[in-house]
Amino acid sequence: MASPQGARVLRVVGPVLLALGVLCFGYVLVRFVQAATEPAPVLTNDPAFGVTPAIFLGILLLGGGFQATWWAYLGPASRYVARETAPALEVSARAAREGWTEDARPQGSGPACAACGRVARPGAQFCDRCGAAV
Ligand SMILES: [Zn+2]
C-alpha cells in the first residue's frame with residue numbers, strides 16, 4: 001500500500017510492535033506463574049502495572065505489529081507477483097485478442113503476399129493470412 005519509504009518504516013515498526021506485544025504477553029505469563037506459585041494475591045495487588053492492561057496493550061501491539069508488517073511486506077510481494085506474471089498475461093491477452101492461429105502457422109519460403117507482406121508457402125496460390133492471391 002505504502003510508498004517505498006513508508007514500507008521501509010513499517011518494516012521496522014511492525015516487528016518492533018510485534019516484539020513489544022510478545023513482551024507484554026511474556027510479562028502476563030510471568031505474573032500468572034507468580035500468582036500460581038506465590039501465596040500473595042499478586043494479580044490484584046499490583047500498583048505498578050496490572051495484568052489486565054498488559055493483556056490489552058499486548059493485543060493492541062500484536063494487532064498493530066501484524067498490520068504494519070502486513071502492509072510493509074504485502075505491498076512489495078504483490079508488486080513482485082504482478083511484475084513477474086504481467087508479461088505472460090500480456091502475451092496470453094494479445095494471443096486471445098489476435099487469434100492463436102495467426103502466427104502459429106509456419107511461414108513458408110515462397111513469394112511474399114502483395115497485400116499484407118506475409119511470406120507464403122512454396123506453391124501456395126493464396127495468402128495464409130489475408131487470402132489474397134499470391
Ligand atoms: Zn496476404
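Leucine 17 sits in helix α1, which covers residues 4–37, in a model that is predicted. Because 21 C-beta neighbours fall inside 10 Å, and 20 or more is the cut-off, leucine 17 counts as buried. Setting aside residues within four places in sequence, leucine 17 is in contact with Leu61, Gly64, Gly65 and Ala68. The C-alpha atom of leucine 17 is also 9.8 Å from that of glutamine 67, a residue 50 places away along the chain.

One of these contacts can be viewed from the other side. Alanine 68 touches Leu10, Val13, Gly14 and Leu17, when residues up to four places away in sequence are not counted.

Helix α1 has 34 residues, and at 1.5 Å a residue these should span 50 Å; the C-alpha atoms at its ends are 49 Å apart, so the two values agree. The buried residues of this helix are Leu10, Gly14, Leu17, Gly21 and Cys24. An α-helix has 3.6 residues a turn, so residues three or four places apart point the same way.

The largest nonpolar core consists of seven residues: Leu10, Leu17, Cys24, Ala54, Leu61, Ala68 and Ala72. Helices α1 and α2 (51–98) each supply at least two residues of this core. The most comes from α2, which gives four residues.

Threonine 52 is also part of helix α2. Is threonine 52 buried or exposed? Threonine 52 counts as exposed, because 10 C-beta neighbours lie inside 10 Å and the limit for exposed is 12 or fewer.

The table sets out two pairs of residues with their separations.

| Pair | Separation in sequence | C-alpha to C-alpha distance |
|---|---|---|
| Leucine 17 and glutamine 67 | 50 residues | 9.8 Å |
| Threonine 52 and valine 28 | 24 residues | 8.3 Å |

For the chain as a whole, there are two helices and zero strands. Of its 134 residues, 10% count as buried; leucine 17 is one of the buried residues. Among contacts between residues at least 6 apart in sequence, 42% join residues at least 24 apart.

Technical notes. Residues are numbered from 1 along each chain as its sequence is written. This is a predicted model: local features need pLDDT of at least 70, side-chain atom pairs count only at pLDDT 80 or more; totals for chains, interfaces and linings use all residues. Two residues are in contact if their C-beta atoms, placed from the backbone, lie within 7 Å. A nonpolar core is a set of buried Ala, Val, Leu, Ile, Met, Phe, Trp, Tyr and Cys residues joined through C-beta atoms within 7 Å. The expected span of a helix is 1.5 Å times one less than its number of residues.
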